[in-house]
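Please look through the sequence and the model shown here before reading on.

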Amino acid sequence: MPSTFSLALILFALLNLFSPLISGAPVEDKTTDLAQAKSRPRCADVIQRREWRSLSDDQKDDYIEAVKCMQSLPAMKPVIKEAKSRYDEFQAYHIKRAESVHLTGQFLPWHRQYLKVFEDELRDKCGYEGTIPYWDWSLDADSSKPLSKAPVFDATHGFGGDGAPGTYTLPSNHPPADYLIYPTSFKGCVVDGPFAHHKVPLGPGKYIGDHCLTRGIQEAAKAYLNSIAVKKIAAIPSYGEFHVEIEGMPLTTSHRPHDGGHFMIGGDMSNLYSSPGEPLFYLHHANLDRIWWEWQNVAPSRLYEMTGRSTTTAPFTNVTLEFPLDMDTLGESVIIRDVMDIHSEPNCYTYA
Ligand SMILES: *[C@@H]1O[C@H](CO)[C@@H](O)[C@H](O)[C@H]1NC(C)=O
């Protein structure tokens, strides 16, 4: 397994976090608040997020149309001015917040709310009636077929396939200190499917410049995404350990489902900052969120269990349920407590 282009090493080099995080291996510090949980308004109805391959062709097309609609709407007030569309505005905000919403306790809850506000935009601004689908990559990782044959990579009713070698050249004038980009992840432009001619204005990394959607599918990532790998993580009893094990390197010493899934797709998706330029980002994170939700439902005490470092640098304090999840211009900013129970207001969705 070539590890040079992993997200992990990007972080390793950039943030120099490896040793403090490993040496501070967490002891369980549960914050549960069941009384509060019971008082939260239950949703009268929940909408279902479903696995990509369980959608009909029409439903798949509707989702892709909604994403393309977001890519055609103007940005409102992006944190990086070169973001052109409302879709880019989400990517811009992820680039800006990347260093605080990874490797910390808010990793899972922040991304849960980020997906929720993205889904709300698809529905409110683009007339989409469905939900963000999730991609259960373990189904493809368990299969004898290559990952590149997964239904999400279909050119007709999917997101198009692998990058074509020789179609993309990385910018040479980027400041290497800002981010690390590993050329092998950027095999080339996606040349088929609905995003073949789509221009991504931000990335790779913190670099700003129009480029094609790039991929470089890594078959070797199957090992980190298969059902055995997922079951092992799902069996972890404490949130403090669970969130570390699902997120992966450099919190862990080898790949896990989160970083493994990013580097499996390659291109911008393999980068800590600019990954939401890849539309599959949302399906990947919906699957991670689903795994967390299933983990939360194993025991009542887990529904509001939260811990983990609030920052990646000292002085270290732990996140609590009152920790803010800032969404800036994307949508509603909430606190962690608000996102814990997806069947409570204002969330109201579930995973089928
Ligand atoms: C944070 O929580 C961990 C357990 O998850 C605990 O070991 C540590 O002492 C806590 N740190 C602070 C600063 O409260």
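## A buried loop residue

L103 counts as buried because 25 C-beta neighbours lie inside 10 Å; a residue is called buried if 20 or more other C-beta atoms lie within 10 Å of its own, exposed if 12 or fewer, and partly exposed in between, with C-beta atoms placed from the backbone. The place of L103 is in the loop between α5 and α6, and its phi is near 65 degrees, a positive value in a residue other than glycine. Most residues other than glycine have a negative phi, and most peptide bonds are trans.

This is a predicted model, in which local features need pLDDT of at least 70 and side-chain atom pairs count only at pLDDT 80 or more, while totals for chains, interfaces and linings use all residues. Residues are numbered from 1 along each chain as its sequence is written.

## The protein as a whole

The protein has 13 helices and nine strands, where helices (H or I, at least four residues) and strands (E, at least two) are DSSP runs numbered from the N terminus. Of the 352 residues in the protein, 48% are buried.

The UniProt record, in an unreviewed entry, lists residues 102-119 as "domain: Tyrosinase copper-binding"; its positions are given in the numbering used here, feature names are shortened, and annotations may be inferred rather than shown by experiment. Over residues 102-119 the chain is 72% helix and 0% strand, with the end C-alpha atoms 21 Å apart.

## Two helices side by side

Helix α5 (residues 86-101) and helix α6 (residues 107-126) have axes that come within 12 Å and cross at roughly 170 degrees; axes are lines fitted to C-alpha atoms, for helices over the stretch in contact, and angles run from 0 to 180 degrees between N-to-C directions. That crossing makes α5 roughly antiparallel to α6, given that angles under 35 degrees count as roughly parallel, over 145 as roughly antiparallel, 65 to 115 as roughly perpendicular and the rest as oblique.

On the α5 side, R86, F90 and V101 meet F107, W110, F118, E121 and K125 of α6, a contact meaning that the C-beta atoms of two residues, placed from the backbone, lie within 7 Å.

## A covered helix

Helix α10 (residues 239-247) is mostly covered, with seven of its nine residues buried, and these are Y239, G240, F242, H243, V244, I246 and E247. What covers them includes α6, α9, α11 (257-265) and α12 (280-296). Just after α10, G248 takes a positive phi of about 100 degrees.

## Strands and a hairpin

Three strands form an open sheet in the order β2-β3-β6, and the pairing is antiparallel; two strands pair if DSSP finds at least two bridges between them. Because β2 (163-165) and β6 (214-215) stand at the edges, each with a single partner strand, one side of each is left without a neighbour in the sheet. Elsewhere in the chain, β4 and β5 form a hairpin with five residues between them, and G203 in the turn has a positive phi of about 100 degrees.

A cis peptide bond joins A314 and P315, with omega about 0 degrees, and P315 sits in the loop between α12 and β7 (324-325). Another cis peptide bond joins E345 and P346, with omega about 5 degrees, and P346 lies in the loop between α13 (336-340) and β9 (349-351).
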